[in-house]
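Visitor: I have a model open and want to learn how to read it. Where do we start?

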Amino acid sequence: MLDQKVALVTGASRGIGRSIAITLAQQGFFVVVNYRGSEARAQGVLGEIENAGGQGQIYPCDVASEADVKTMIETIVKQYGHLDVVVNNAGVTKDNLILRMKAEDLDLVLDTNLKGTFYCMKYAAKQMLRQRSGRIINISSIVGIHGNAGQVNYSASKAGIIGMTKSLAKELGSRGITVNAVAPGFIETEMTEELPEEIREKMLGSIPLGHFGQSEDVAAAVSFLASEGAAYITGQVLGVDGGMGA
Ligand code: NAP
């Protein structure tokens, strides 16, 4: 049994997940850095954690596979004895206007973002119910609240995450487990760097704080929700969007 608290961060090889993993390690968690394909980058994140005096491991798993998620969570519990925080961050986009959006584009995004979050919550909840403690933090998006042209599939997945968060908070509250969501606005990562300049400019104009967010801004919110100070907060959606959704 590991003395340190254990946190699993999905999609932690880059972007927002990478920052969350590093921040939770600084907070004292043993961090499982999950990724799908980018092994070298996940290894790099673990290297950063260890260089700063933290601890963790990398774990490859496609969150869209229920069997693989089950194995990942059972392996973590077997190795360390407990699972204290799960951050469901892994996510993909496949944008298009609806007339050009194929059913498989919808499936791809729902399978990873929505069903992946569902599988991780399900198998984490099994362990957290035994422990009678735990924190589940789901990464949604401002787009799941306000919508966005060209992202019918993605916004459905992110709105679904909010619905699941609120329902599971009600289901698990009596057992000392909290479930919350963070809804980032426009954060500078590989996911957003492909957007055309004109769309970036338009988005910038709609941000009251006048600048794009950084991965560290989202990590700070997640770190708070994972902390002792957030013990009485559940079923909430915390916007990290520079005021975009206000
Ligand atoms: P990103 O830079 O594209 O990174 C995505 C991460 O998810 C990578 O680590 C990737 O792993 C992992 N991943 C993708 N599919 C996976 C799967 N099936 N199983 C396991 N891991 C998988 O994205 P990001 O911008 O950091 O976004 C992180 C989260 O924040 C996503 O849920 C996204 O929807 C949400 N978000 C982002 C923004 C934004 O402005 N960037 C705004 C709102 C919400 P590999 O490297 O191994 O492929």
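**Reading the model**

Guide: This model is predicted.

Visitor: Is Ser215 buried or exposed?

Guide: Ser215 counts as buried, because its relative accessibility is 7%, and the cut-off for buried is under 20%.

Visitor: Which residues does Ser215 touch, leaving out those up to four places away in sequence?

Guide: Gly15, Ile16 and Ser19, plus Ile187, Glu188 and Thr189. For scale, the C-alpha atoms of Ser215 and Leu97 are 27 Å apart.

Visitor: Now the core. Which residues have the most contacts inside the largest nonpolar core?

Guide: In soluble globular proteins, nonpolar side chains tend to be buried together. Here the largest nonpolar core has 32 residues. Ile20, Leu24, Val31, Val33, Val87 and Val182 have the most contacts inside it. Elements giving two or more residues to this core include helix 1 (15-26), strand 2 (30-35) and helix 9 (215-226). Another core, of 31 residues, lies apart from it, with Leu83 and Cys120 among them.

Visitor: What does Leu24 touch beyond four places in sequence?

Guide: Its contacts are Ala7, Val9, Phe29, Val31, Val87, Ser223 and Ala226.

Visitor: How many aromatic pairs does a search of the whole structure find?

Guide: Three. A pair of aromatic rings is described by the distance of the centres and the angle of the planes. Take Phe30 and Tyr80: 4.6 Å centre to centre, with 50° between the planes, a tilted pair.

Visitor: What does the pair tie together?

Guide: Phe30 is in strand 2 and Tyr80 in helix 3 (residues 66-80), so the pair links parts 50 residues apart in sequence. Phe30 is buried at 7% relative accessible area. Tyr80 also counts as buried, at 13% relative accessibility.

How values were computed. Residues are numbered from 1 along each chain as its sequence is written. This is a predicted model: local features need pLDDT of at least 70, side-chain atom pairs count only at pLDDT 80 or more; totals for chains, interfaces and linings use all residues. Side-chain values use heavy atoms; hydrogens and water are left out. A nonpolar core is a set of buried Ala, Val, Leu, Ile, Met, Phe, Trp, Tyr and Cys residues joined through side-chain atoms within 4.5 Å. Buried means under 20% relative accessible area, exposed over 50%, partly exposed in between (1.4 Å probe, protein chains only). Helices (H or I, at least four residues) and strands (E, at least two) are DSSP runs, numbered from the N terminus. Contact means heavy atoms within 4.5 Å. Rings of Phe, Tyr and Trp (its six-membered ring) pair if their centres lie within 6.5 Å; planes under 30 degrees apart count as stacked, over 60 as edge-to-face and the rest as tilted.
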